[in-house]
Amino acid sequence: MDTLTAAPAPPATESIPRVLATEAALALIATLTAEHGKLLFHQSGGCCDGSSPMCYAQGDYIVGDRDVRMGEIGGAPFYMSPSQFEYWQHTQLIIDVVPGRGGMFSLENGRDQRFLTRSRLFTDDELERLPPLAYGAAD
């Protein structure tokens, strides 16, 4: 498991990402991308640290029109259901990898490791610098 270290703060004019990935998560994303092609993530359950986002090949999961596009990790868009966004809107998501079993339909399943969502609260300054929200699948 990666040690979670704070990245240097972006310049005051730069927007703050809503979702980041650790080096371990980026490595697993690269492996899965090589095997399955373009990926996407969807966080539809869990309201706190320890929740697991699901990883799919693009085209294997239909993103809803109201799903919130949180950003991108390792070249893969990351979406969240609107009801989950209500819980997470004040936090930055940090996607990590830990030992364990992935979700039944998540592509990392069967590798003895799984994606894990960690989070931290945004500061007041960061909340003002968040990028505008996008909804539904990008064209």
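This is a predicted model: local features need pLDDT of at least 70, side-chain atom pairs count only at pLDDT 80 or more; totals for chains, interfaces and linings use all residues.
Is Y61 buried, exposed or partly exposed? With a relative accessibility of 26%, Y61 counts as partly exposed, because the partly exposed class lies between the limits of under 20% for buried and over 50% for exposed.

The chain as a whole comes before its details. It has 139 residues, 40% of which count as buried. Its secondary structure consists of 3 helices and 8 strands, in the sequence order β-α-β-β-β-β-α-β-β-α-β. Among contacts with a separation of 6 or more, 65% are between residues 24 or more positions apart. The accessible surface is about 7,700 Å², and carbon and sulfur atoms make up 53% of that area.

The interior can be read from its nonpolar residues. In soluble globular proteins, nonpolar side chains tend to be buried together. Here the largest nonpolar core contains 22 residues, and F41, M70, F78, L93, I95 and F115 have the most contacts inside it. At least two residues of this core come from each of α1 (23-36), β2 (39-43), β3 (54-57), β4 (68-73), β5 (76-80), α2 (82-88) and β6 (91-99). The greatest share is that of α1, with 4 residues. Another core, of 5 residues, lies apart from this one and includes M54, Y56, V63 and Y79. Leaving out residues up to four places away in sequence, I95 touches V19, L20, A21, T22, A25, P53, I73, F78, F115, L116 and T117.

Helix α1 has 14 residues and spans 20 Å from its first C-alpha to its last, close to the 20 Å expected at 1.5 Å a residue. Its buried residues include A25, L28, I29 and L32. These lie on the same side of α1, because they cover an arc of only 105 degrees around the axis. An α-helix has 3.6 residues a turn, so residues three or four places apart point the same way. On the face turned away from the buried side of α1 are the exposed residues E23 and A34. The buried residues of the helix pack against β1 (19-21), β2, β3, β4, β6 and β7 (113-121). Just after α1, G37 has a positive phi of about 85 degrees.

Strand β2 contains Q43, which counts as buried, with a relative accessibility of 0%. Not counting residues up to four places away in sequence, Q43 touches S51, S52, P53, F78, Y79, M80, S81, Q84 and T117. Its C-alpha is 6.3 Å from that of M54, a residue 11 positions away along the chain.

The aromatic rings form 3 pairs. F41 is buried at 0% relative accessibility, and F115 is buried with a relative accessible area of 0%. Together with F78, they form one aromatic cluster. Y56 and Y61 make a stacked pair, 4.7 Å centre to centre with 15 degrees between the planes. In this pair Y56 is buried, with a relative accessible area of 14%, whereas Y61 is partly exposed at 26%.

Methods. Residues are numbered from 1 along each chain as its sequence is written. Side-chain values use heavy atoms; hydrogens and water are left out. Buried means under 20% relative accessible area, exposed over 50%, partly exposed in between (1.4 Å probe, protein chains only). Contact means heavy atoms within 4.5 Å. Accessible areas come from the Shrake-Rupley method with a 1.4 Å probe; for residues, only the protein chains shown count as cover. A nonpolar core is a set of buried Ala, Val, Leu, Ile, Met, Phe, Trp, Tyr and Cys residues joined through side-chain atoms within 4.5 Å. The expected span of a helix is 1.5 Å times one less than its number of residues. The arc is that of the directions from the helix axis to the C-beta atoms. Rings of Phe, Tyr and Trp (its six-membered ring) pair if their centres lie within 6.5 Å; planes under 30 degrees apart count as stacked, over 60 as edge-to-face and the rest as tilted.
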